[in-house]
Amino acid sequence: MARARGEAFWWAIFSAGGVVTALLVPIHVLLLGFVIPFWWGPADTFSYERIHALLSHPLAKLYLIVLFSVPVFHCMHRIRHTMYDTGWRAYATPIAFLCYGGALLIMIIAVMTIVSI
Amino acid sequence: MSEAYRRPVSDTWWLKNPNYRFFMYRELTAVFVLAFLLVFLYFLRQLASGPEAYNAFLRRLSSPWSFIFHTAALVAACFHSSTWFNLTPKAVVVRKGEEKIPDAFLITPNYVGWLTISVIIFLIATWS
Amino acid sequence: MAERTITLEVFRYRPGTDKEPVFQNYTVPFRDDWVVLDALNYLKDQVDGSISYRWSCRMGVCGSCGMMVNGTPKLTCAAFLKDYYPGPVRVEPLANFPVERDLIVNITDFAHKLKEVKPFIIRREEKPVSEGEYLQSPAELATFKQFSMCINCLLCYAACPIYGLESSFVGPAAIALAQRYNLDSRDQGQEERHDVIFRHEGIWECTFVGECSEVCPKDVDPAGAIQQAKVGGALDLVKSMLMPRGAR
């Protein structure tokens, strides 16, 4: 039986995505969910002008693209396998297509959005 | 081997013991992280759309639903990070001679890196 | 003083007679130093000779007496009655395997997988005896020693929910044993084991629940073996993408 090179590929992406998610996602949740609404500093810190300028920078865009690439695939890989583990194994192939296809779609939309900032 | 009895396995097997439940909570963090990434993507779309859309979104961040969602997302994201870092020694084995190096040598740098990167991102986001 | 007793709820299944398994309750004397296996042997000797189960060494090295004790896979020779007192103690055959009779499971599936991973030293060329033995340093031994402690008791398969849902999964012990040989400096057979380890039903089915390592009575840590194999597989993929086969 052949080596499942595809599985090695998805696991490698899952693994890289796990690292990026673990290091970067929590602070962004904190920022968006709590720091912005409860911000105690200057009034213009999260103004449209400042944030737009900040995220228009090419390095910021590159950073955001990374944030929306491997972590999305990481989540979808986990969701795919969790579905297998909770009784949906019979639909293994369509689930894999939907998960990775969905991740690709989200990544494409993200890249287009980020580029247009 | 004529009538070997096969016991059925339930789809809710993961409710059966605390380790299985812990595993399932760990896996479910992916749903919350993905949901947050979609919210964050929406934030970026509103930013790209202009000041009115952006400010409208900021107002929605102060709603009770936003706090409930972001609290769940923060708990999930932190739970993902800590379970991820703590499992590093299982996947990566470093030996000094015959002995494995202590697990903490592999785990602690992850936490230090996490804290450092978080502080840097916070400063970039808020420092005028 | 009245002798203390403890109740065992024993899973019974007699093929041909029983359509469904039943639980039969037995009361056995409670002794501080008895294990569940002692209670089963007492039952078979004194109470009900028809109970069928496997056991051998009674000291945790043969791997024969694995059963579910109160829902957890255990070696019954290592499960002390005093840890379950006052009981009752539910004794069932090892989970995720078909039940032949009473507490005996059919392990043919594992036997087949064990054979597939080729659990022996494979050499491209054998050294002639005149050249002496294969030398191995303590450090080289240390890389695989933990995985060599497996006694094939199959508690890990009983604990693995993936194996329970999908019996084509190669499983913890088989993969740990493959790693034991892959990491052995004397072995040159990694390629021959790759198809078993890296096929779809190999390591990639594992979602790192980790319960296999929790229940292992010999601290083999099969979950660790599998994660290390995944990292190895991913690195192999990256290497093969960056470097054509000939250059490696």
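In chain B, 40% of the contacts between residues at least 6 apart in sequence join residues at least 24 apart, a contact being a pair of residues whose C-beta atoms, placed from the backbone, lie within 7 Å. The model is predicted: local features need pLDDT of at least 70 and side-chain atom pairs count only at pLDDT 80 or more, while totals for chains, interfaces and linings use all residues. Residues are numbered from 1 along each chain as its sequence is written, and chains are lettered from A and ligands numbered from 1 in the order in which they are written.

Chain B contains five helices and two strands, in the order α-α-α-α-β-β-α from the N terminus. Because its radius of gyration is 22 Å, well over the 14 Å given by the globule rule for 128 residues, chain B is more spread out than a compact globule. Helices (H or I, at least four residues) and strands (E, at least two) are DSSP runs, numbered from the N terminus; the radius of gyration is taken over C-alpha atoms, and the globule rule is 2.2 Å times the number of residues to the power 0.38. The C-alpha trace of chain B spans about 70 × 50 × 20 Å along its principal axes. Of the 128 residues in chain B, 23% are buried (20 or more other C-beta atoms within 10 Å of the residue's own, with C-beta atoms placed from the backbone).

Between the chains, 40 residues of chain A are in contact with 41 residues of chain B. On the chain A side, two or more residues each come from α1 (5–35), α2 (48–56), α4 (70–88) and α5 (92–115). The most come from α1(A), with 15 residues.

Notes: Buried ≥ 20, exposed ≤ 12 C-beta atoms within 10 Å, placed from the backbone. Contact = placed C-beta atoms within 7 Å.
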